[in-house]
Amino acid sequence: MKINDVILQTVTRIAVFIILTMAIYLFISGHNSPGGGFIGGLILASAFVLLCLAFDIETITNGIPLDFKKVAATGAFIVLGTGVAAIFFDVPFLSQTYSYINLPVVGKTALATVTFFEAGVALAVVGVVVTIISSISEDV
């Protein structure tokens, strides 16, 4: 018997947008203030958990056709790649550097290699958490 959760599903659609916006903000602000890939990834995964609570797991996996094990592996590969890339430039493992670029609308903006590291961490966290939640929800 399927329960009609119209209110929960409607609120979830709005709340997921807000959660995703907060996750992106925390990810972007992570290299200058508290936040970053780990907490951004956890908040991003919490949006997926909220979707699983409001809708069934089959609907979510059909709407988001990603293999989250591959997402976690890709994130781990990016993290490892940023560390190994430093060795090729004859600096210690996981050393970071930054440069300034001119963007058309924003202007002069700093681009740091730590952003790639944080993106890998975020992908790894999202992949692992969503895989765990999916496997738990399939058992229930």
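**View 1. Helix H4 gives the second largest pocket the largest share of its lining, 4 residues.** Helices here are DSSP runs of H or I with at least four residues, strands are runs of E with at least two, and both are numbered from the N terminus. This is a predicted model, where local features need pLDDT of at least 70 and side-chain atom pairs count only at pLDDT 80 or more, while totals for chains, interfaces and linings use all residues. Residues are numbered from 1 along each chain as its sequence is written, and side-chain values use heavy atoms, with hydrogens and water left out.

A pocket is an open set of points on a 1 Å grid over the protein atoms alone, with protein on both sides within 12 Å along at least five of seven lines, and lining residues have an atom within 4 Å of a point. This one is lined by 14 residues, and Thr82, Ala86, Ser95, Gln96 and Thr113 lie nearest its centre. Its volume is about 270 Å³, meaning the space filled by probe spheres set on the points. Sorted by class, the lining has 8 nonpolar, 6 polar and no charged residues.

**View 2. The largest pocket has a volume of about 390 Å³.** Look for Leu20, Leu44, Ala45, Leu123 and Val126, which lie nearest the centre among the 23 lining residues. H2 gives the most to this lining, with 8 residues, and helix H1 (6–28), H2, H4 and H5 each supply at least two. The classes here come out as 19 nonpolar, 4 polar and no charged residues.

**View 3. The largest nonpolar core has 14 residues.** Such a core is a set of buried Ala, Val, Leu, Ile, Met, Phe, Trp, Tyr and Cys residues joined through side-chain atoms within 4.5 Å, where buried means under 20% relative accessible area (1.4 Å probe, protein chains only). Phe48, Leu51, Cys52, Phe55, Ile60, Phe68 and Val130 have the most contacts inside this core. Helix H2 (37–54), helix H3 (57–63), helix H4 (68–88) and helix H5 (114–139) each supply at least two of its residues, and H2 brings the largest share, 6 residues. Zoom in on Ile60: leaving out residues up to four places away in sequence, Ile60 touches Phe48, Leu51, Cys52 and Phe55, with contact meaning heavy atoms within 4.5 Å.

**View 4. The protein chain averages a pLDDT of 87.** That score is the predictor's confidence in each residue, from 0 to 100. Here, 95% of the residues score at least 70. Among the elements, strand E2 (residues 107–112) has the lowest mean pLDDT (81), and H4 has the highest (92).

Key. Buried means under 20% relative accessible area, exposed over 50%, partly exposed in between (1.4 Å probe, protein chains only). On a 1 Å grid over the protein atoms alone, a cavity is a set of points where a 1.4 Å probe fits but cannot get out, and a pocket is an open set with protein on both sides within 12 Å along at least five of seven lines; lining residues have an atom within 4 Å of a point. Ala, Val, Leu, Ile, Met, Phe, Trp, Tyr, Cys and Pro count as nonpolar, Asp, Glu, Lys and Arg as charged, and the others, Gly among them, as polar.
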